[in-house]
Amino acid sequence: MVSDNAAALAILLKSRTRASVRRLLRDGDGPEAVLARHHRDWRSELADLKTQTRASGVAVYAYGEAGFPERLLHIPDAPMVLFCRGDQAALEQPSVAIVGARRASRLGCETASQLAKTLCAARVSVVSGLALGIDSAAHCGAIEPADSQQSGELRHSIAVQGSGLGRIQPVSNLPLAERLIAAGGLLVSEYPLGMSARPQHFPERNRLISGLADVVVVVEAGERSGSLITARLALEQGREVVAVPGAISQPNSRGVHRLLKQGAGLVDCAQDVFDALGNSRLQNGGQAESAGTDPEPDLISPEAVAGLD
């Protein structure tokens, strides 16, 4: 599914920044008229894009169109166009982003996975970036049924890419992306289908991860981690930020502990995330969901807790 408006914007953005496309649109002409003025073969480009998206099962939405995620309508520097593949019902549920270090510890990955599994079992969508480490662990936990009774249920996880949806990166996570789709998840990107990830795409992507979430959970982050960018953007967007503490001897705890010192909520069980989710949805004018469960055992090992003494 792609409208002429969305297709024209997508083509304009292939070789231009969002700022330059906005300047082109200032005269009041629509995207299709601007495309016709600047691209000689614009009709064939529109037809080619529609063919490509149809073949790959990708929908494209311009800002403000039906299907464009409502949560992203109100964030600063909202994307002008969004590519989506999968079940968009994932966007309609309460949502929690789980982010953290790429070079994560076994304990950090287990924590992210268990949190995601518990959240999805309560019909909360889990958002992350499909990167290695914490992101992958969160997606894997999200799409794994909590028990045999839930094996046939849809498991909504949203993966926001720093590349086009026709070029999943890292390539090693292509099977995970396909499993995520099969489980009822959604792949999202603002970049053209065949575009490779570029360094500047990752902080840009992070604003969409936080923007699509009601709450952001940080699990392991060094002092210069991109997850801290996600946390900052989340606060600017009015989202709740919480963090899982770790051992003080571990470099990947330093960024998390900085967030905790600055006022982020502390998470040591899934119920803490459900509580933050309820607070966030009330603050944003929604009704708190009765998604909470009985408090679970601590997700942090005794060794990690001892390191905080």
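Strand β4 (residues 125–128) runs parallel to strand β5 (residues 157–160), and three bridges link the pair. Helices (H or I, at least four residues) and strands (E, at least two) are DSSP runs numbered from the N terminus, and two strands pair if DSSP finds at least two bridges between them. Please keep in mind that this is a predicted model: local features need pLDDT of at least 70, side-chain atom pairs count only at pLDDT 80 or more, and totals for chains, interfaces and linings use all residues. Residues are numbered from 1 along each chain as its sequence is written, and side-chain values use heavy atoms, leaving out hydrogens and water.

**The sheet and its helices**

- The open sheet has nine strands with mixed pairing, in the order β1-β2-β6-β5-β4-β3-β7-β8-β9.
- At the edges sit β1 (59–62) and β9 (265–266), each pairing on one side only.
- Helix α5 (residues 106–121) packs on the sheet and touches β3 (95–100), β4, β7 (215–219) and β8 (240–244), where contact means heavy atoms within 4.5 Å.
- The direction of α5 makes about 175° with that of β3; axes are lines fitted to C-alpha atoms, for helices over the stretch in contact, and angles run from 0 to 180 degrees between N-to-C directions.
- Helix α6 (residues 134–143) lies across β3, β4, β5 and β7, at about 145° to β3.

**A helix pair: α1 and α3**

- Helix α1 (residues 4–14) packs with helix α3 (residues 31–38) at an angle of about 45°, their axes being 8 Å apart.
- The two helices are therefore oblique to each other, since angles under 35 degrees count as roughly parallel, over 145 as roughly antiparallel, 65 to 115 as roughly perpendicular and the rest as oblique.
- On the α1 side the contact uses D4, N5, A8, L9, I11 and L12, and on the α3 side P31, E32, V34 and L35.

**Backbone spots worth a look**

- Most residues other than glycine have a negative phi, and most peptide bonds are trans.
- Q169 and P170 are joined by a cis peptide bond, with omega about 0°, and P170 lies in the loop between β5 and α7 (174–182).
- D77, in the loop between β1 and β2 (81–86), has a positive phi near 50°.
- R123, in the loop between α5 and β4, has a positive phi of about 65°.

**Loop exposure**

- D77 is partly exposed at 37% relative accessible area, and R123 is exposed at 53%; buried means under 20%, exposed over 50% and partly exposed in between (1.4 Å probe, protein chains only).
- G246, in the loop between β8 and α10 (254–261), is buried at 12%.
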